[in-house]
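I opened this notebook to record what I looked up in one structure. The entries go from the whole chain to particular places in it.

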Amino acid sequence: MELSNLFWSASLEKMKRGYIEEEEVFVCLLCGENIEKGMVYPHEDRFYLAEKYMGVHIDRTHISVFDYLIGMDKKLTGLTDHQKRLLTLFYQGKNDKDIQEELEIGSASTIRHHRFALKEKERQAKTFLTMMELLKEKDENAPTFVPVHQTATMVDERYNVTQDEQDHILKKYFSDGKLMKFPPKEKQRLVVLREISKQLKKDHVYDEKELNGVLKGIYEDYVLIRRYMIEYGLLDRKSDGSQYWAKK
């Protein structure tokens with residue numbers, strides 16, 4: 001199953017800890033890293049069993065599950081930049097007076113008002129999640145939507161893609177792993193670019209020449225593909241364009 005599927009289908013408890021357990025491995029929901037069961041992993045002169053080491057991995061790679069989630073696009077979190085900043089300061093354990101001084105806004109009572117507003121948002125979210133869970137049991141006509149990748153930079157109507165639509169688009173535009181034509185519509189482009197991203201190595205840093213070679217093997221206009229993959233949050237790079245890597 002794709003990482004985006006695992007991430008969005010995970011329970012609240014599993015998402016909080018940042019990983020799921022499968023038959024032979026623990027899988028990080030944030031990047032897809034697999035930690036094999038039955039192995040002992042060394043880190044800083046200590047040895048860890050697989051599940052404990054997954055916690056080490058999350059701390060080393062993502063700082064924390066909270067830090068990963070708060071860094072996601074606002075369309076995925078439903079939070080404004082100001083709310084994200086407040087939640088980060090709350091998570092750091094700062095009191096209302098310290099936060100008020102750091103942000104230079106209102107008074108300590110203003111911060112308490114923000115806390116109340118966020119708790120209200122939490123109550124609304126719980127109610128909505130419960131209704132959606134109940135709906136799943138009744139709505140037999142609901143189509144299967146392709147999950148939004150966690151690194152998406154602009155979530156809008158183009159992400160409204162069902163599994164059937166995706167299969168149709170891939171069949172139309174790909175032949176033997178090569179892209180025959182770059183689609184004219186944004187939704188089709190998203191599906192095509194996500195498929196191309198699967199052909200990039202994870203945890204690998206490409207120089208520009210190497211990446212261009214991989215993309216050119218898929219589609220002649222590799223510069224176009226590279227640009228759109230960055231735009232859609234599937235690919236990242238250094239500011240000077242010397243190194244590229246697939247975003248997790």
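**Entry 1: the chain.** I noted at the outset that this is a predicted model. I then looked up the secondary structure and found 12 helices and 10 strands in the protein chain. The C-alpha atoms fill a box of roughly 60 × 50 × 45 Å along the principal axes.

Entry 2: Among contacts with a separation of 6 or more, 45% are between residues 24 or more positions apart.

Entry 3: I counted 41 positive and 43 negative side chains, and the centres of the two sets lie 3 Å apart.

**Entry 4: the largest pocket.** I looked up its volume and found about 2600 Å³ of space. The lining has 44 residues, and those closest to the centre of the pocket are Trp8, Met15, Leu76, Ala125 and Leu129. I then asked which helix gives the largest share of the lining. That helix is α8, with 14 residues. Helices that each supply at least two lining residues include α1 (3-9), α2 (12-17) and α6 (81-91).

**Entry 5: Asp156.** I located Asp156 in the loop between α8 (108-138) and α9 (163-173). Lys75 is 81 residues from Asp156 along the chain, and their C-alpha atoms are separated by 8.2 Å.

Conventions. Residues numbered from 1 in each chain as written. Predicted model: local features only at pLDDT ≥ 70, side-chain atom pairs only at ≥ 80, totals over all residues. Heavy atoms only, no water. Helix = DSSP H or I, 4+ residues; strand = E, 2+ residues; numbered from the N terminus. Contact = heavy atoms within 4.5 Å. Lys, Arg positive; Asp, Glu negative; His and termini not counted. Charge placed at Lys NZ, Arg CZ, Asp CG, Glu CD. 1 Å grid on protein atoms, 1.4 Å probe; cavity = no way out; pocket = protein on both sides within 12 Å on 5 of 7 lines; lining within 4 Å. Points joined across faces, edges and corners; volume = space filled by probe spheres on them.
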